[in-house]
Amino acid sequence: MSSTAPLAPVTVKFNGTKRYCRKCNMPKPDRAHHCSVCQVCVLKMDHHCPWINNCVGHGNHKVFILFLFWGCLYCWFCFAATLPTFIELLLSKAMDRDPDIHLLFLMLAAGIFGISLSVFIGFHTYLLIRNVTTIETYEKNRFHTEIRPESPLVRYHNLFNMGVNHNFQDVMGPRWHLWIFPIINSRGDGHSFPINTYVYGSFPLEEGRPDFSTSPE
Ligand SMILES: [Zn+2]
Ligand SMILES: [Zn+2]
């Protein structure tokens, strides 16, 4: 699988014109979006996270994934550590001692957050290995090759999907021994992204091929 990193943006608005942020008064790079909470354009914006009160994007995607991973692990650790006491209490016939309410609350909270974070990290891992952001799951990229916008093939192809290994290392870094540490070594500058030429090659000829030599009008 080969790739090419285009200098000009390859994504366009729904009407085929350049992506431009009127609030920041500047062109939007591919995959950048304006956050209405942070009031700035964020490179490769994933979503605005109310839990960390910040945007998740190119600059902090890795630490967000690790936040979910370690948080999830910690919740299940707390749940597993408090579960034996709870079972012991249930099996106690005499019920001669009061339940430790703090321990029960910890077990309940850890279980609920553990389930939520497990689902969340599963979803984000799925997006990560497909190189899709949360925003792109409901707002598909439109490439400036769209001659017939009604064609679902051209509109919904993800040209940024470079394969599982490549996508994973783009965010988590190329060195496996640093994957679990909050050291930001994601690849790329967040402005332009490699294009999957295999998918690009599968574009039907009648739809036209992307022309990366010029900027979209
Ligand atoms: Zn903006
Ligand atoms: Zn934001």
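In this predicted model, helix 5 contributes the most to the lining of the largest cavity, with three residues. A search through the whole structure turns up one cavity of 30 Å³ or more, and the space inside the largest cavity comes to about 50 Å³. Its lining is made up of K44, H61, L127, L128, N131, V132, T133, N167, D170 and V171. Two or more of these residues come from each of helix 2 (101–130) and helix 5 (164–172). Sorted by class, the lining of the largest cavity holds four nonpolar, four polar and two charged residues.

Attention now turns to the metal site. The zinc ion (ligand 1) is held by C21 (SG), C24 (SG), H34 (ND1) and C41 (SG), at 2.0 to 2.3 Å. Along the sequence, these donor residues follow the spacing C-x2-C-x9-H-x6-C. Because C21 belongs to strand 3 (residues 20–21) and H34 to strand 5 (residues 33–35), the pair ties together parts that lie 13 residues apart in sequence. The arrangement around the zinc ion (ligand 1) is tetrahedral, because the four donor atoms subtend angles of 102 to 124°.

Leaving aside residues up to four places away in sequence, H34 touches C21, K23, C24, K28, Q39, V40, C41 and M45.

Conventions
Residues numbered from 1 in each chain as written. Chains lettered and ligands numbered in written order. Predicted model: local features only at pLDDT ≥ 70, side-chain atom pairs only at ≥ 80, totals over all residues. Heavy atoms only, no water. Donors = N, O, S within 2.8 Å, 3.2 Å for Na, K, Ca; no water. Tetrahedral: all angles 85-135°; square planar, octahedral: opposite > 155°, others 65-115°. Helix = DSSP H or I, 4+ residues; strand = E, 2+ residues; numbered from the N terminus. Contact = heavy atoms within 4.5 Å. 1 Å grid on protein atoms, 1.4 Å probe; cavity = no way out; pocket = protein on both sides within 12 Å on 5 of 7 lines; lining within 4 Å. Points joined across faces, edges and corners; volume = space filled by probe spheres on them. Nonpolar A, V, L, I, M, F, W, Y, C, P; charged D, E, K, R; others polar.
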